[in-house]
Amino acid sequence: MISLLPPPRLRRLPHTVAPLHRETWDSYVSRLAAANRISHLALHEHINNRHRIHPAPLPLLDAVSDLSGHPRDRLLKALPDLRSPDNTRNLPVSLQLLDEGWQVQASCTLCLAAKGVFIQARRWVRNSTRLCLRHGRWTDTYHAQFDIRPLPEIIQAQRDHYRPVREHGWQTVVIAMREATDWCWRWWDNRRFHKRLDHRLRILIPPGRGTYREDPRLIASSYPDIVALTALLASPQLRNLPFTGHDRDFRQFILEVRARAAPGYSYEGAGVTDPLVRWIEEERYYRTLPNHPFPMPNEPRTHNPDTTEQVTRRLDALLALDSVPEGAAAAGAERGA
């Protein structure tokens with residue numbers, strides 16, 4: 001007689017591996033499968049099979065615990081994916097659920113080798129993490145990691161990136177970095193302020209080697225300038241300088257932009273298509289909305305910025321109005337009324 005009962009509870013695999021700090025459960029199960037020379041896909045399917053347990057389905061935490069032989073508490077501390085509001089209620093604050101300020105990233109291969117791990121692993125890191133400070137390797141990539149120690153300014157940029165996150169919060173820094181990235185790439189596309197970027201590219205990409213749109217070496221080369229501008233835009237005090245109404249504050253803001261990412265920048269000669277000119281125009285509008293106060297870079301914005309043509313027409317209209325004598329302007333206003 002064939003039994004219709006589901007398969008028995010999962011058993012410990014012959015070979016186990018220790019979980020890494022903040023490793024994803026998917027990465028851990030894949031390493032567990034490799035250690036036992038079985039397909040990681042087959043092991044994942046076995047864990048996710050809802051008929052595998054008798055007499056009732058087993059929670060994922062218990063399934064991984066039975067397979068690995070590690071107690072639940074150790075897995076909860078190491079693998080954030082296995083945490084839930086119920087099983088973390090009595091754990092310290094540092095072991096609670098991760099918020100949206102975290103992302104999954106490949107672990108530094110040299111850090112893994114020091115722990116005796118020689119296959120790829122992925123873990124949760126702060127979303128401001130781009131590289132391994134211990135070994136100077138760029139890790140924010142799906143491609144092969146590469147050494148950036150010949151460019152210490154990139155390593156320093158990682159430290160500088162953490163600072164505004166601590167001071168202003170990761171949400172504010174994410175928005176500020178998006179704005180800073182837009183400025184820099186628009187300038188570089190027009191071949192402005194690109195000398196430092198080109199210097200870093202020559203070091204990271206040997207002569208004769210090509211690059212492509214999302215080459216991580218290209219991103220790493222741009223990182224110091226973008227982080228420097230991010231710190232400027234994430235600071236409420238510095239971000240407010242162009243809008244105080246004082247020429248001294250406006251000049252101070254332009255000096256900060258020059259020092260951080262755009263040597264020799266001239267606001268007067270930039271033109272209406274310049275990203276900084278556009279940003280000031282748009283930001284000035286945002287500050288008239290009812291949901292002010294600004295600066296609030298993390299505040300959702302629903303306004304669609306004006307096109308270049310609209311900005312040009314508005315500036316031309318203002319210049320034309322300034323050139324009309326005061327009496328004539330008043331008479332025109334009366335006729336319009």
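## Helix 9 and helix 11

The crossing of helix 9 and helix 11 is right-handed. This is a predicted model. The axes of the two helices lie 9 Å apart, and the angle between helix 9 and helix 11 is about 160 degrees. Angles over 145 degrees count as roughly antiparallel, and helix 9 and helix 11 are therefore roughly antiparallel to each other.

On the side of helix 9, the contact is made by D225, A228, L229, A231, L232 and L233. Helix 11 contributes F253, E256, V257 and R260. Sorted by class, the residues of this contact are seven nonpolar and three charged, with no polar ones.

## Helix 6 and helix 9

Helix 9 (residues 216–234) also packs with helix 6 (residues 152–168): their axes come within 9 Å and cross at roughly 25 degrees. Angles under 35 degrees count as roughly parallel, and helix 6 and helix 9 are therefore roughly parallel to each other. The crossing of helix 6 with helix 9 is left-handed.

Helix 6 takes part in the contact through E153, I154, A157, Q158, D160, H161 and H168, and helix 9 through A220, Y223, P224, V227 and A234. Seven residues of the contact between helix 6 and helix 9 are nonpolar, three are polar and two are charged.

## The overall fold

The protein has 14 helices and five strands. It consists of 337 residues, of which 42% count as buried. Among contacts in the protein with a separation of 6 or more, 59% are between residues 24 or more positions apart.

## Nonpolar cores

The largest nonpolar core has 45 residues. Within this core, the residues with the most contacts are I154, W183, W187, F253, Y265 and L276. Two or more residues come from each of helix 6, helix 7 (170–189), helix 8 (195–204), helix 9, helix 11 and helix 12 (275–286). Helix 9 gives the most, with nine residues.

I154 belongs to this core and also to the contact of helix 6 with helix 9. Leaving out residues up to four places away in sequence, I154 touches L131, W138, I148, L204, A220, Y223 and P224. Another core, of 20 residues, lies apart from the largest one, and its members include L10, I47, L67 and A78.

## Helix 3

How many residues of helix 3 (residues 60–68) are buried? Seven of its nine residues are, so helix 3 is largely enclosed by the rest of the structure. The buried residues are L61, D62, A63, V64, S65, L67 and S68. One of them, L67, is also a member of the core of 20 residues.

The buried residues of helix 3 pack against helix 1 (25–35), helix 2 (40–48) and helix 4 (72–78). Just after helix 3 comes G69, with a positive phi of about 85 degrees.

## The loop between helix 7 and helix 8

R191 lies in the loop between helix 7 and helix 8. F193 is placed in the loop between helix 7 and helix 8 as well. R191 is not a glycine, yet has a positive phi of about 60 degrees. F193, likewise not a glycine, has a positive phi of about 55 degrees.

## Two other buried loop residues

R130 is located in the loop between strand 2 (122–126) and strand 3 (131–132). With a relative accessibility of 14%, R130 counts as buried. Which residues does R130 contact, leaving aside neighbours within four places in sequence? They are Q103, Q105, W138, T139, D140, Q158, H161, M177 and Y223. Of these, Q158, H161 and Y223 also take part in the contact of helix 6 with helix 9.

F243 sits in the loop between helix 10 (236–239) and helix 11 (247–260). F243 is buried, with a relative accessible area of 18%. Not counting residues up to four places away in sequence, F243 touches W279, I280, E283, R284 and R287. F243 and E283 are 40 residues apart in sequence, and their C-alpha atoms are 8.9 Å apart in space.

Definitions and conventions
Residues numbered from 1 in each chain as written. Predicted model: local features only at pLDDT ≥ 70, side-chain atom pairs only at ≥ 80, totals over all residues. Heavy atoms only, no water. Helix = DSSP H or I, 4+ residues; strand = E, 2+ residues; numbered from the N terminus. Buried < 20%, exposed > 50% of the residue type's maximum accessible area, 1.4 Å probe, protein only. Contact = heavy atoms within 4.5 Å. Axes fitted to C-alpha atoms, helices over the stretch in contact; angles between N-to-C directions. Parallel < 35°, antiparallel > 145°, perpendicular 65-115°, else oblique. Left-handed = near helix turned anticlockwise from the far one by under 90°. Nonpolar A, V, L, I, M, F, W, Y, C, P; charged D, E, K, R; others polar. Core = buried A, V, L, I, M, F, W, Y, C linked by side-chain atoms within 4.5 Å.
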